[in-house]
Every structure is written in C-alpha cells, then in structure tokens.
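Subject: Structure handover

Hello,

Here is the structure I said I would pass on. My notes on it follow below.

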Amino acid sequence: MFTLAEVASLNDIQPTYRILKPWWDVFMDYLAVVMLMVAIFAGTMQLTKDQVVCLPVLQSTINSKAQPSTSGKADFTTVETTTGQGEEASMRTVSFGSAPTVTPDVPLSRATSPQYQPTESGQELKKEQKDSSGRKTNLDFQQYVFINQMCYHLALPWYSKYFPYLVLIHTIILIVSSNFWFKYPKTCSKIEHFVSILGKCFESPWTTKALSETACEDSEENKQRLTGAQSLPKYVSTSSDEGSPSASTPMITKSGFKFSADKPMIEVPSVTILDKKDGEQAKALFEKVRKFRAHVEDSDLIYKLYVGQTVIKTIKFIFILCYTANFVNTISFEHICNPKVEHLIGYTQFECTHNMAYMLKKLLISYISLICVYGFICLYTLFWLFRIPLKEYSFEKVREESSFSDIPDVKNDFAFLLHMVDQYDQLYSKRFGVFLSEVSENKLREISLNHEWTFEKLRQHVSRNAQDKQELHLFMLSGVPDAVFDLTDLDVLKLELIPEAKIPAKISQMINLQELHLCHCPAKVEQTAFSFLRDHLRCLYVKFTDVAEIPAWVYLLKNLRELYLIGNLNSENNKMIGLESLRELRHLKILHVKSNLTKIPPNITDVAPHLTKLVIHNDGTKLVVLNSLKKMMNVAELELQNCELERIPHAIFSLSNLQELDLKSNSIRTIEEIISFQHLKRLTCLKLWHNKIVNIPSSITHVKNLESLYLSNNKLESLPAAVFSLQKLRCLDVSYNSIAMIPVEISLLQNLQHFHITGNKVDVLPKQLFKCVKLRTLSLGQNCITSIPDKVGQLLQLTHLELKGNCLDRLPATLGQCQLLRKSGLVVEDHLFDTLPLEVKEVLNQDTSIPFANGI
C-alpha cells in the first residue's frame, strides 16, 4: 500500500507557480489530498482488520444424523468465532430452549474428538462440561480458517475488497490532471519564464517609480490646469506671433508627439532616479518581456492543454459518480457463501459477516461527497473557460489608472496566463503592464540617460572642429540627455543613431547653436523648440536610410541657409521626398543631395530662385534628366559628382550666373562642348577631374575668365598651347595623367600661382616654367625629373615644393633664395635634403620647431 509521502510528489508544484493556480485549482488540490487520505486510511484498515467470519448453516436433518444424542432438550445453534491467526478457536453452545445453558470455552479439537479425555483439575470445569448441551458442528479450526479465506474471495463483492485502491488510483489521476500543464515540456518552459519575469517585474523598483512618476505628473498637470491656466501661454510662447506655427502644420501632424502647449514640461522628481544597477535590471526586463511576448503570443497550446485537463477531470468525475452509485449498496455486513466444498467441510452454505463493512460504507459516502464537490468545481471551471474570451487580454483599466495609454492588448497564451494571474491578484498584471509600455520604457531610458550623462561628462566630449567651432557628437544613445541643452556655448550638435531623440524647449538656451546634424535620427521637437530652431538654425545635415526618417519639421525651417540630405532617394521615392515643402525654406542658399537619383526632382526648382549652390553626389547612378537645371538661374556653384555623365550637360550652358562647375568622377571622354562655356561670363572654376578625358580642345581659349582648371586623374598625354592662352589662370592641376613634357608656353601664365603635375612622365623642366614668378605651389613629384634648374630661386613667393619620387641626385643651392619656402613646405627625400649647403638648411629651418620625417 502507498503512503502519503510516496504520492505527495505528484502534487509538488513549485511555490512560485501558485500565482497561476486560481481558487478552484487550490480547492481541488485540497479535495484531492482529503481523498488521498481516505484511500490511505481505508487501505491501512483493510490490511490490518479486513476479514470475514463464516459459520455453517445447519439443517435439522443433517444435525440429527451428524450429532450424537445429548442430554439437551432443545435445538442448538453453534456460533463459531475466531480471534486471530495465532489464537485457538473456542466454542460456545447456546441453547434457545426454556433452560439454556452455556458451555465453557473448550478447545475445539478437544470438544469434538471422541478420544479426548479431560485432564484439567477442578470440579467446576468437569461439571460444566458434563452438563453442556447443544449440537456440534464437527469442524476443526483449520476448516474455519479455510472457509473464511474462500468466502472472502467468493462471497465478498469486489468493490468492498478494492475500494481503497480505486480511490487511490482515481485521486492520483485527478492530481496528475490538475498539474499536467506545469509538467508538460512545451508548456512548462513558457510558464517558468512567465513566472520568473512576472516576479521580477513585480519586485522591480521601476514599477513603483514609474507609477509614482505618472501620479506626480498627473497631479502637476491638474494643478497647472486649476491654478496656472492663465500663465501657461506665457510659458510656451517665446517668439513673435508670426513665428508661432499653427496647430495644423504638417510638422505637428507627422511627428506624432505632444507639444509643450498641450502638456507643460514637468521636472522629474528626484525620487524617480534609479541607481545604475536598478536601471540596468529594468532595461533587461523590458527586453525579456518583449521577447517573451513575441514567443508566447504565437500559439495557444497552454490554453488548450488547460481546457483539456479540465475536461478530463470532468469526465473522470462523471465516471466515478456513475459506477460508485451502483456499487454503494453492495457493501454489506452479512453475506451468504456457497463454497462448493461439501466434500471437505460437510456443509454447503455458510453465513458470513464482514467486520469492515460499516466503516467502508461511511468512507464511501464521504468519498462520494468529495467527488460531487470536486465535480461541481470542474463544471464551474469549464463555465469560466468558455464564458469569456480568455485568449484576449485588455489592459484598459491599467491604462486608465496608470496613464500609460500605449500598453498593448495581448492574445493567445500570453493573454490566458494573465487571466490566470488575475485570479490570484490583479496587482501582478498592473505592474506587469508597465513593462509592456513603450512610454514607460522611454521614461526609464530617459532617467537612466540623464543619470549617466551629466553636464560634466558631456563637457568632456565637446571638441573643436576644423572651423574652430565647439562641437558635440552623441552616438548610439537611447535619447538626448537633458544636460546637453545646458551647454549654451555649443556651436554644432551632432546626433547619430538615436531613434528616440526628442528636442525639448530647453534648446532655446543654446543661443550659439547654428548647425545641427541628424544621422539616422528622426528627432521630434516640441513647439517652443521648433520656434527656436526655425529662427536660429542656419545649417542642417540629415542622413537617412528611408525618406520617412526625414523629420517633417525640417521643411518648415524658414531661416535655414544650408541643407544636406544624405540617403536613399531612388526614383520610386522621389515623390515622397517631401521636397515639395522646400518652397518654405525662403532663405536656403545651399542644397546638398547625396543619393541615387536618376533625374533632378522638379520639386527642387521650387527653391531655385534663391538657391546659389547645388551639389548632387549620385553614388554611381546615372543621372539622365537635367532639364530642371535651366530654371536655377541664380546658381553660382554646381557639383554633379559620380553621376555617370558621358558629356557635359547642355542644360548647364543656360546658367548665366554659374561661377564654379564640378563634374568630378564621371565618365566624360570628350569636352568639345566646352566652347559653349563662352556664354558663361562668370565661370571662373572648372573641375573635370577623375574622368576619362583624352585631350583638351583648342576651344578652351574662349573661356577667357577661367581662373582654376582641374584636369587631374584623366588620360591626357599632352597640354595644348590653348590652355596657356588663359591669361587669368591661377591654378592648373593636371596631376596623374600621362603628360611627357611641360610646354614652354607655360611662361605666358603670369598669374599662375598653383601648378600641379604630380604623377606624370615629365623628365625635363623648361626654364620658362620659372618665369611664372607668382607661383606659390609647385607639385612635381612622381615624375622622371633628373635635375632642378638653378632658376628655381626666382620663385620668391614659393611656399610649397614637391619633388619626392623623382630621379634627383642633388638639390640646387638656389632654393635658399626662395624666401618663403621652409622645410615643412619642401617635400623631398631626406638624403637629398642633406645635399644642400649648411647655410641653405639653416634658412629652410627657420621658424620650424617640429621636425618633419622624410622631409614632409
């Protein structure tokens, strides 16, 4: 027989799982324990006391023949009792006549054996034995034991014998059915994770702090509405009426956030500041909840398994009740036994008594009562399971109470688990809902961010850029720290990979801020912050992957001077760029677009009247349609880089105000169209570098006002004399071509200040080159030059001379006559520099405190 300790493990559920056991499951567990005790109690008693006692049914004819004549005067009935397996049987003869007498207890073998002669002393015993009357059964003790055993199996109903075992088996099945969903591998893992996360969410300091912060905000908001309603517009409005955007502006609609006019800014109370450890734990909880939700919401296995085990328990209850009701009356005290062993005993029928019948019947009635209660609870459970949609869970009440309006509703197993938790305590789901809210998560990030990035730490990250401006670059943060806006002397602010960036009204303190970079950072701004940016911001960089990342308020910055858009603007998205709003940028002068356009968007022409510089870097995508350029009459600088152009676009020839043209990194092979540049009277700089140009046409002489000509990284083999007719030319760059000689006509360029011919095949320097006395930069590196003429000393304004990578064996001493040349501007090998006289070295080393390796 099982003991209670041996089956207790079947119901051994971890204490943490109790939050998933509603009151009916707990009640049924207790009922199962009581039923288990009934089974164990009945089984224990049955093992120790369960016996039947049988006596033969005497017939008058059999009694008269089998029993010798006695002195009795009446019929006798002999009742045989057994006192146990280790005791002797004794016989009492009871007369039912007028003068009954009772024989003393005498061992049965002695009373029935004719050879038995009494040997005990005592006159009373002899007298009673002599005067005894009744009928003998002539059965030995062993025969009674045999009959009792046979009748226990033949006459006693099976239910009386196996009742405790059946109760035990049924109870074990019910216990297993109640807790199977905690043990099944595909459900227990989810339940374990859920209980673990739920406990951590309940105990996390962030839940209390987030709720208290919300309550604080609500109270402050109500206070403002009740006592400070009149002063609120003064707090929000910091600019003129003309500068205040209306509530229907596209920026407000698309940004999806509330301005400070709708809800005043509230300082975060100090009580909400978490320490670093609590903050990191709360961040991890948000991530765990997000992953767990994505994993559990996909299926409804837990719900189906719970419904299935409840249905099994209900069917089990009906089955037990049906067959138990039929057998309850079979448990009786008296039974008639016909063992069919007359040849051994001499009697055909016995009457038996079951001494456990009374107790078993009481236990059975108790068991039926427990089963009925158990079954009604199962029916209630089924009613609860199918009465409401348990695969849907709404946090509506939590949203109303906590003001976290973005807590999402959940479904499937996630919803069912939350419904089960509500049966234990609804406070769990309320606290759990905090970790489903993005608003709550953003508040946590904001608090942790402000706690980590203090004013002192941010001040350490401020640096000076190439323009000698104070610059702060923030990279991959969860938001923009509040302390940033206390850096009032900051000139440039770069925000990169900050998806939840928000610019509050405090930015109005940064009076020196004129340049803002948003790299993959769709920042949202408050109304007051927008008014400040619109009035003060001059330069804006926006780098994006998709056009949706461009904040809508960008196109409302009326005082913006420079706009840089860097990202994917393919032909399908050209209409979605939002450039139709560029017409609002009334003061925009520079537009820089680095993308993959196939045509210049017509919307750009909206800003053409006031645009002075247009830059398009196309990343190798062929720019086909350029007709829109004709409308940009005020453009002074035009860059079309990496646009796969094969010829100079004709639309450029209509830009009468064009001063600088840059066609870098295209596929231009011929520039015969350069003759049309004679109509561009203001063109002074022409950059055709990094193309495939083979020769320069003589028609270049018509571009008389050209001052800078860049033809480096092409396929030129010679320089035509027409180039040297450009009297105003001050910069000529023909580096990295295949030019073998420098024409003597170079002396005609009397205004030439910068000449670059690095990376060619020049072996001889003509003396006429040194007649260009205004030369300040002369790059002759990586050629085949064997000697430098002494006339190099005529270049009195020379500050930079590059000779490295040639075949020189010495340097002329006349370099000392170049009054402005210093060692830092002389790019040459060290051993060549050592060939100079000592006095020349001293001249070149003047005002030089930093040694330059390799002559650089």
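I will start with a pair of helices: α13 and α15 cross in a left-handed manner. Please keep in mind that this is a predicted model. Helix α13 covers residues 301-327 and helix α15 covers residues 357-387. Their axes lie 9 Å apart, and the angle at which the two helices pack is about 150°. Angles over 145 degrees count as roughly antiparallel, so α13 is roughly antiparallel to α15.

Is serine 595 buried or exposed? Its relative accessible area is 2%, and buried means under 20%, so serine 595 is buried. The side chain of serine 595 reaches the backbone oxygen of glycine 567, at 2.8 Å. Gly567 is also among the residues in contact with serine 595 once neighbours within four places in sequence are left aside.

Some totals for the protein as a whole:

- The protein has 856 residues, and 47% of them are buried.
- It contains 23 helices and 27 strands.
- Of the contacts with a separation of 6 or more, 57% are between residues 24 or more positions apart.

Regards

Terms used:
Residues are numbered from 1 along each chain as its sequence is written. This is a predicted model: local features need pLDDT of at least 70, side-chain atom pairs count only at pLDDT 80 or more; totals for chains, interfaces and linings use all residues. Side-chain values use heavy atoms; hydrogens and water are left out. Helices (H or I, at least four residues) and strands (E, at least two) are DSSP runs, numbered from the N terminus. Buried means under 20% relative accessible area, exposed over 50%, partly exposed in between (1.4 Å probe, protein chains only). Contact means heavy atoms within 4.5 Å. A polar contact is a pair of N or O atoms within 3.5 Å; within protein, one must be able to donate a hydrogen and the other to accept it, and residues adjacent in sequence count only if both atoms are side-chain atoms. Axes are lines fitted to C-alpha atoms, for helices over the stretch in contact, and angles run from 0 to 180 degrees between N-to-C directions. Angles under 35 degrees count as roughly parallel, over 145 as roughly antiparallel, 65 to 115 as roughly perpendicular and the rest as oblique. A crossing is left-handed if the near helix is turned anticlockwise from the far one by less than a right angle, and right-handed if clockwise.
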